[in-house]
Amino acid sequence: MAIDKRIIKTKTNIKNAYMRLTLENRYQKITVSQIAEKANVNRSTFYLHYADTSAVAADIEKEISAKISSCLDCFDINDVYGSAFSIFTRLSAALDEDSVLSSYLLLLSNKSKNILETIFAEKTTDAMLKAYPYVAEDRLLYPVTFVSAGIVSCYLKWSASDKKVTTMEGLIKELSLMIDLIIKNLAEVK
């Protein structure tokens, strides 16, 4: 069953209004009235789609998770550099196409960092288990957590920077070398 385009548009307007208000009022609680006004809808329309402001935030987080997850689908443990290049290019393009979402994600970097790290760790673990089925999953927990946290932190710092320190390609080369060393170390232990 197709979803009505008006519903999609209204929900998008509400989510964008919530993100803009978050960016404008970083330390203030956002109300339904503020969101409705900014989205140019009335409160009853808001409540047709969301129970409260936290439901809007949860919907945004779900959307962010889906976008990030689709960017990481191409991860190949046997081609770390190529995978990282593809992932970072796709992730940057996804963030560049929606400046409000990108600013919101960078503002909430601790939360977005956790979302990115969790998804990245899941994809890395899956790829490692597929490539090296003899490696026990519990043996991957700390190395994968370490790699995921490092990559995500570096990417977020790079995204928030003026990008003069290094290009995306330079960042990927540096990170790929480190990841390769960790992967080779894990793969050698049977």
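Is Ala-136 buried, partly exposed or exposed? I find Ala-136 partly exposed, because its relative accessible area is 41% (buried means under 20%, exposed over 50% and partly exposed in between, with a 1.4 Å probe and protein chains only).

**Entry 1. Basis of the model**

I note that this is a predicted model, in which local features need pLDDT of at least 70, side-chain atom pairs count only at pLDDT 80 or more, and totals for chains, interfaces and linings use all residues. Residues are numbered from 1 along each chain as its sequence is written, and side-chain values use heavy atoms, with hydrogens and water left out.

**Entry 2. The chain overall**

I looked up the secondary structure and found nine helices and zero strands in the protein chain. Helices (H or I, at least four residues) and strands (E, at least two) are taken as DSSP runs, numbered from the N terminus. Along the sequence I read the pattern α-α-α-α-α-α-α-α-α. Taken along the principal axes, the C-alpha atoms fill a box of roughly 60 × 40 × 30 Å. Of the 190 residues in the protein chain, 41% are buried.

**Entry 3. Ala-136 again**

I placed Ala-136 in the loop between α7 and α8.

**Entry 4. Surface patches**

I next looked up patches, which are made of residues with over 30% relative accessible area and no salt bridge; like charges are joined within 9 Å and nonpolar side chains (Val, Leu, Ile, Met, Phe, Trp, Tyr) within 5 Å. For charge, Lys and Arg count as positive and Asp and Glu as negative, while His and the chain ends are not counted. The place of a charge is NZ of Lys, CZ of Arg, CG of Asp or CD of Glu.

Which residues form the negative patch? I list Glu-122, Asp-126, Glu-137 and Asp-138. Helices α7 (109-131) and α8 (137-160) each supply at least two residues of this patch. Asp-138 has its place in helix α8, and Asp-138 counts as exposed because its relative accessibility is 62%.

I also found a nonpolar surface patch of Ile-3, Ile-7 and Ile-8, which together have about 270 Å² of accessible area (Shrake-Rupley method with a 1.4 Å probe; for residues, only the protein chains shown count as cover). Ile-7 belongs to helix α1 (residues 5-24). With 36% relative accessibility, Ile-7 counts as partly exposed.

**Entry 5. Aromatic pairs**

I then looked up ring pairs: rings of Phe, Tyr and Trp (its six-membered ring) pair if their centres lie within 6.5 Å, and planes under 30 degrees apart count as stacked, over 60 as edge-to-face and the rest as tilted. By this rule I count six aromatic pairs. Phe-46 and Tyr-50 form a tilted pair, because their ring centres are 5.9 Å apart and their planes stand at 40°. Both Phe-46 and Tyr-50 are buried. Ring pairs also link Phe-46, Tyr-47 and Tyr-50 into a cluster.

Tyr-132 and Tyr-134 have ring centres 6.1 Å apart and planes at 70°, so I record this pair as edge-to-face. Tyr-132 is buried at a relative accessible area of 16%, whereas Tyr-134 is partly exposed at 38%.

**Entry 6. Salt bridges**

How many salt bridges does the structure hold? I count six, each a side-chain nitrogen of Lys or Arg within 4 Å of a carboxyl oxygen of Asp or Glu.

In the bridge of Asp-4 with Arg-6, the closest N and O atoms are 2.6 Å apart. Asp-4 is partly exposed at 28%, and Arg-6 is exposed at 63%.

Glu-97 bridges to Lys-67, with the closest N and O atoms 3.6 Å apart. Glu-97 lies in the loop between α5 (80-96) and α6 (99-107) and Lys-67 in helix α4 (residues 53-72), so this pair ties together parts 30 residues apart in sequence. Glu-97 counts as exposed at 62% and Lys-67 as partly exposed at 24%.

Lys-173 and Glu-169 meet in a further salt bridge (3.7 Å, N to O). About one helical turn separates Lys-173 and Glu-169, because they are four residues apart in helix α9 (residues 168-188). Lys-173 is partly exposed at 44%, and Glu-169 is partly exposed at 39%.

Last, I recorded a network of salt bridges that links Lys-15, Asp-59 and Glu-63.
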